[in-house]
Structure formats: structure tokens, C-alpha cells
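Work through these exercises with the model open. Each task is followed by its solution.

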Amino acid sequence: MIDFMLTTNDQKILDAVRREALVCRSYARHYDEHEDEFPPDELPEAGDFPPTMSLFAGREPEDTGLGVMSMLLTAGQTWGDYSVRMRRGKGGLGNAALRAAGTPEQQQKWGGLTLAMAITEPGCGSDPSRVQMTAVLDEATDEWVLNGEKIFVTTGCRAQGVVVWATIDKSAGRAGIKSFLVEKGAPGFIVSGKEKKLGIRADDTAAYVFDNCRIPRGNLLGGKEEIPQESSGGFRGVMKTFNMTRPAVAGIGLGIAEAALDFTRDALREAGIQVEPGPGIAAQSAAAQRFLELEALYEAAMLTVLRAAWLSDQGQPNNLESSICKAKAGAAVREITQGCIELVGPMGASREHLLEKWFRDVRITDIYEGTGEIQRLIIARNILGYGREELK
Amino acid sequence: MISFGPTEEQEIVREAMREFAHSAVRPIARKSEEEGLVPEDFLEQSWQLGLVSTQIPEAYGGGGEARSPITNALVLEELACGDAGLALAALAPALFAMPVVEFGTEAQQRELLPLFCGDRYHAASLALVEPGPCFDPIGLRTVAERKGDGWVLSGAKCFVPMADRASHFLVLARAGEGVGLEAVQAFIVPRDAAGLEISEPEKKLGLNGLPTGSLALERVELPAVGRLGGDAGCDARRLVNLSRTALGTVLVGLSRAVMEYAIPYAKDREAFGEAIARKQAIAFTLADMRIEVDAMRWLTWKAASRLEHGVDATREAHLARSYCARQAMKIADDGVQVLGGHGFIREHPIELWYRNARTLGVLEGTVAL
């Protein structure tokens, strides 16, 4: 049955998440201005809050699915702050890849570590099939030898390990690209730098160098060493990771956008502008009308995220829908935060308030995990029935 | 529980409507638009689908199914994907019948609902929109004044669907002091009421397959039972929210029609040695259509879901309607652009959808299902 009402159990979880999020928000400015400090996993004001996962006890069949809930939960957390998120658990993007593609032994061995994901290189971003980093098997020692550079590795400084993309055969193109599990401290694995960014400053972004880095043969994620014959078969498997991370990234951005909308609604009210929906053009101010447009944009984007997660909950493919929600949310959060500052005026640009921070933090949404343009390319190929050669 | 899954019955209904839209609606859309007429046999054919009678109680000869704004949203999207004007013509009687199902007194239901359970199309309609610039349903100018036990209606209405043949009109009017929609009530006005004058069919920018007319109400006197719901009245806010949501779904259907027409055209049409769909400028425009059709649909579903639960949907219905109106206009606009010169030629339906998108986008209340 088509339904959009949260159950009491759903609401209980989301209320708890918002309560925590407000505590996190009180630290947001500090960690924005001290980007060399890592926010703690626990905050004193929230010491006695129940752990988020414990709230999921006693779920009933009529409650909302876990994929959809995790999107709402993520957005609820980033509504507090992007970087100061408590009890986010051990979960870098690399953990998502491990869950999607790791062998049972790998899950066992690596599941307890926080894993970053290293794909982007100085010379390739949107087109990961151009990965230049190499992995060569040394049969004598049963080791992979990694050589290359990676940049823009989210939480790459803090992570305990990384899932890194490298090619085992450049002539095989995309099919030759494999992912490898590398632990911090592996010989020849160097964290070579930390980026200074527009926003999300308390989340570190690392650069890596792999200089004859040797790792055990069994660290090839998924364990399949052969290069698939059909074009891009293995690559497609790696790309599947994105079907849940894209909606999550969209949800992260929308949580921030919602915070901006809430702030702006209050600011408009303080200025005497009512933003109730309903009255037509003659009865409503331009500011109220613009605000409602941004609210609709938020709602529309959020629903595309929930749709992608819902399909995943149903065990249905959501490749197209995860690109749709990523493209929609990426563009929406830019327009929403830019529009909110416009509506609030000079106060919106002041660092006295968090709106200017949200405007900076949210901008990455339309870039990482595939830019809006890349998502449109994927969507267009899908609806047109085109392959990569027919639509570049 | 948040769920995007229609029930099995809803899937069956949706499939049947898609087939009907494809085989019976789209093929006659252009002719009906050019002639400004709904073919009689189309009305009879659509009547056989039971679109109106299904949700009327069995006691009055209907199908007895629960009133479902969600099912209606699914039906409307499919029919409007065939043609928005014809979809509204087929469903116009529901604009009258459904509010009677929801708010009518037993006597009103007994008298009026059997009209819609017969074998032949029976026209009745809703009169909400008023002439004059910047129409707004919360600022109605048509008024209903008490006279003894009864009422006297004065004012003017326009864009009343099927006004040329409707046996009854549900006229929304201000009936008291309150603010906005709280003061609005609905009145049942028979076609032959003294003081009611019905215009010739209106000439419009779009939606010409749907005949509409204007009503002049010159001190139309109604008995006490002329008010929908009798002494209890009706919830005009809910009527407007239902209407806005339904209008949103019509715009989803229209937008999907544009997208589904533009995609094969762009794959077929060549320029500079390859299909124009292989150019990112065109491909991304089509991708945006796909993104927005989804987003629009979920917004209308969310509003419909709240209405189905019987909770207030003012915010959701407003956001859905205004968002859909904006996006449908953009999609139709882009559709014309993808077809280029051919988008301007009446041989293709795109220019018709362009006009319809603008017309529908400013209509309020003519689709209060």
C-alpha cells in the first residue's frame, strides 16, 4: 500500500536522532573553525542518550523499512551537523564496499575496522575507468604490489584502512580494475596530505601515495583475480556499491538543506513574513512564495531518496533511482541553501549563524559519489537504452 | 509506514487505465482538441470503466469501494497521459459525486448518487474558479446568504467543466464570516435553478477537449437542503486539498506524455551524422524530465496518502500542486525545444501539451476528485 505516514516506532527513533543532532549542532562552529581537531564520538551532553541502534529494537512489520529509515536517520543527523555526528559507527565508504563485495572471510577480518574508499586520482575523478594506479601480483611472495597516488579520500586520515581501486591490467580497460584492502601501516602506504576545503572541514580529506606497497594476495576485495571477458563485468560489480551510497549522500545533503530551511523559516517569521501554504498570489509575499518553492524542492528531492532506498528494501534494482535521487538532491541542496541566504539577507552571510556554514558544507553533495552531470549521463543512457559508446 | 508500493488491485487498475489511455484516449485527443468537442462515444466508453460509480456506496447502486485518493491519483495520471482534457471530461461527474459521497446528508446521497450509477454518462460538475485576475480559492467572491431556512447565492463562476450538459453544479461560495476556507461552503444548484445562467462553451488556450462554461448566479434561491452536508456543511479545505492533489497528478501524466514522446523522437532524429539523443545537451534535458516526473509523482502520492488517512494535507497538497505546475511547464517547454520546429507544428502533440501545461497549471479546483 502506498503510504507516507511514519509509525510511532519510526517517530520515536527520529525524535531521538534529532535530540542528539541538536547537541551535535552546538559543536558545529567549533569544529568548522578548528579543522585539525577531530570531533569526538561521544559528547558530554549526550552521555546518557540511548545508542541509536538500541532504538531499533522491537520493530514491527508495519514499521518503515530499514533502508528508508537509514536515509531519514542520516538526514536527521546531518540536520544537526555534517561532521559532528555521534555514534555514526564504524562506517566509511570502504565499509559499504566491503559489505557489497567482500568474501565472508574478508567481512570477518576487516568488518571491525573503519575503511575509507580511495578511487579518485590526480588525473581522474568522474571517469574511474581511467584509474592509473597499478597492482602487480608477485607470485614469488604471493603479494600484490601497489603503485600510484590517490586524492580526495574521505576520512582518509582517520580511517584504519582503505579500499583502493587499482588496475591489474591496463590493456583490459575497465575490466582490469579491482579493489584492494589495505591496512594503515602497510609498508609503502603513505598518507601524504590533508586537504583544506570550502566546507565539511571537520571531516578530513586525505591524499595517499602507494610506493611499492606490498599487501597479501588475499586482500583483493571479493577474491576474484581473473579479468572478466564480457566488457566491464567486474567493474559493474564495484559500481554497485554506489546504489546505496548515492541515496545516502543525497540524504546527507538534504539534512543540511532542511536545517537551512528551518533557520530561514524562523528568520522570515521574525521579520513578520508568514510562510503558510495556501493563499494565492495576491495574498502572499514574494519571499514567502520563494520559500515555499524551496520547501517543495526539498520535499521532492527527499522523496526521490526514499524511493531509491525503498526499492532496495524490496530487493529490487535501484540503479536508475539512486542516480535520480543523487542528481535531484545535488541540485536541490545548492538551490535551497543559496536561496535561503538570499532570503535571510546579510544575516545569512554572517558567521554568527550556521546558515553560511550549511551553504558551504552542502556544496559537495552535487560532486562526490558522482557529479550531477555523471548522474544525468547514467539516467540518460538508461532511458534511451544507450551504452557508453552511444552516449559519451 | 513509508511505502511506494501500490496494492495488487491498484496495479491492475493502473494497467487497465494505461491501456485505455493508449487505445481510446490518445488517438482521439487531437481531433477533440481541434473541434473543441468530446466525442459522445468516448464518454460512454469511459463510463463503462466505472470511474465514477466504483466509489459510490452499494446502497445507491455503486461499486461500494472505499474512496481512495491514492487510487484516483493512479487513474488520473494514466488517463492524463493519454490526454488531460479528455481525462477531465470523463471524470467531471466525479467532481460533483465524490463530495456528495464524502459530505452529503443521507437524503442528498439518496437523491443524487443514483444518477451516477446508471449505464449512461451523467454530467454534473464543480464550480469553484471565478473570473477576474489572480483567482484564489481562499478569497471567493461568490456569496451565499441566509434567507429564512434557505440560502441565496450571488456571484460568477468560470472554467466549469461540462457546464453545457451538467444536471447539477456544486457551487463553492462564502457562507459566513470566518477567514479563508473556513467560511466556504458548497451548494447543490440544479441546472434549471431560477437565476442561474450558463454561458456558451468558453474558448481557451488549451484543454479544448474539455468543454467548460461560465455560470452567472443572480440571487439563486436554494432550500436549506441545498447546502452540501445540510446543517453540518462540508470541509472546504479538504475539497480544495483533494482538488490540488488531483491537479498535480494530471500534470504528472501530462509530463510523462511529453517525456515518452520526446525520447523516441530524439533517438530517431539525426543531426550532424548522429541521433540528437546522443548529444549531451539533449540527453541531459531528457534525463531531467525523467528525474522530475518521478519527483512530481511522489509529491502527489504523499499528499494523496495524507488525504487517504484523513489527516490535514494543506501543506503537502499545496507543495505538490505548485511544484507540479512549475515542472510540467518546464517539461512541456523543453519538449517543444527537443522537437525544434516540429514542436511548433500541430502535426505533433507537443504544442498541445505545451498549451495544456500552462492552462492546467493555473486551474484550481476543477479536478476535485
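**Exercise 1.** Find the handedness of the crossing of H8(B) and H9(B), and decide how the two helices run relative to each other.

*Solution.*
- This is a predicted model. Locate H8 (residues 314-339) and H9 (residues 350-362), both of chain B.
- Take the geometry: the angle is about 160°, and the axes are 9 Å apart.
- Apply the cut-off: angles over 145 degrees count as roughly antiparallel. H8(B) and H9(B) are therefore roughly antiparallel.
- The crossing of H8(B) and H9(B) is left-handed.
- List the contact residues. H8(B) supplies, among others, Arg321(B), Met329(B), Asp333(B) and Leu339(B). H9(B) supplies residues including Trp353(B), Tyr354(B) and Arg358(B).
- Sort them by class: 10 nonpolar, two polar and three charged.

**Exercise 2.** Is Asn241(B) buried or exposed? Which residues does Asn241(B) touch?

*Solution.*
- Asn241(B) sits in helix H6 (residues 236-268) of chain B.
- Its relative accessibility is 2%. Buried means under 20%, so Asn241(B) counts as buried.
- Skip residues up to four places away in sequence. Asn241(B) then touches Leu307(B), Asp312(B), Ala313(B), Thr314(B) and Ala317(B).

**Exercise 3.** Describe the largest nonpolar core and follow Leu384(A) within it.

*Solution.*
- The core holds 184 residues. Those touching the most other members include Leu306(A), Leu384(A), Ile56(B) and Leu286(B).
- Helix H8 (residues 286-313) of chain A gives the most to this core, with 18 residues.
- Beyond four places in sequence, Leu384(A) contacts Leu391(A), plus Ile263(B), Lys267(B), Ala277(B), Ala283(B) and Leu286(B).
- A second, separate core has 36 residues, including Leu146(A) and Val164(A).

Note on methods:
Residues numbered from 1 in each chain as written. Chains lettered and ligands numbered in written order. Predicted model: local features only at pLDDT ≥ 70, side-chain atom pairs only at ≥ 80, totals over all residues. Heavy atoms only, no water. Core = buried A, V, L, I, M, F, W, Y, C linked by side-chain atoms within 4.5 Å. Buried < 20%, exposed > 50% of the residue type's maximum accessible area, 1.4 Å probe, protein only. Helix = DSSP H or I, 4+ residues; strand = E, 2+ residues; numbered from the N terminus. Contact = heavy atoms within 4.5 Å. Axes fitted to C-alpha atoms, helices over the stretch in contact; angles between N-to-C directions. Parallel < 35°, antiparallel > 145°, perpendicular 65-115°, else oblique. Left-handed = near helix turned anticlockwise from the far one by under 90°. Nonpolar A, V, L, I, M, F, W, Y, C, P; charged D, E, K, R; others polar.
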